[in-house]
Amino acid sequence: MVTMTTLVIILAIVVVVAAGLFLAFGRTTGGHGLRRRFGPEYERAVARHDGDTKAAEHELSERLKRHRSLDERPLTPEERTEYTARWARVQDRFVDSPQQAVADADALLAELARDLGFPDGEDFGEQSDALSVHHAEQVGGYRRVHAARRGEGDTEEMRTALVEARGLFDVLVSNGTDGPVRRDPHHAEGSGTA
């Protein structure tokens, strides 16, 4: 009888220790996975939550749940050509009217993302969150252009924002092909294709 009681106590201790280790290492692994997947967006979320990594990881996990199953629709070659020409006009306009060029870039990115199947650009936060799930490395440029559009920053900051936003534009236009979508393996679901 004492042997059975001892065995039950030992088993209970092992289960409690195993559960504690699972929770401790599971949270660390999840955080590391989110940090790797979201890159600069992870740091942005932590900063928005005043350093509270648990709250930031919860936000990013929720973002993944809402937007990871989104399927980007491909652009036709004609659409790709038209978007590329429009972006070139935005860049050309910057010399004479930086504020207008930044506003045009912001609107063009919102329209392109919408045409690829991302949430409508009417809600910038929702659209940029969805973009961050699939293009976390580039979405920062879109955020900067959006902020510059509202008059935040001088001409050099607007120029830098436009250059960074070009990264997202290039990824969106190149992903919108008739072939399989290629993504950075850190941001892809499953095998790396969509």
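**Close-up views of a predicted model**

**View 1. Helix α8 and its cover.** Helices α4 (77-94), α5 (98-115), α6 (124-134) and α7 (139-149) are among the elements that cover the buried residues of α8; helices here are DSSP runs of H or I, at least four residues, numbered from the N terminus. Covering rests on contact, meaning heavy atoms within 4.5 Å. This is a predicted model, with local features needing pLDDT of at least 70, side-chain atom pairs counting only at pLDDT 80 or more, and totals for chains, interfaces and linings using all residues. Residues are numbered from 1 along each chain as its sequence is written, and side-chain values use heavy atoms, leaving out hydrogens and water. Buried residues of α8 include Met 158, Leu 162, Phe 169 and Asn 175 (buried is under 20% relative accessible area, with a 1.4 Å probe and protein chains only).

**View 2. The start of α8.** Here a side-chain oxygen of Asp 154 comes to within 3.2 Å of the backbone nitrogen of Glu 156.

**View 3. Arg 63 in its surroundings.** Arg 63 sits in helix α3 (residues 53-67) and is buried, at a relative accessible area of 1%. Its side chain makes a polar contact with that of Asp 129 (3.5 Å); such a contact is a pair of N or O atoms within 3.5 Å, and within protein one must be able to donate a hydrogen and the other to accept it, while residues adjacent in sequence count only if both atoms are side-chain atoms. Not counting residues up to four places away in sequence, Arg 63 also touches Phe 38, Glu 41 and Arg 143, among others.

Note on methods. Buried means under 20% relative accessible area, exposed over 50%, partly exposed in between (1.4 Å probe, protein chains only). Helices (H or I, at least four residues) and strands (E, at least two) are DSSP runs, numbered from the N terminus.
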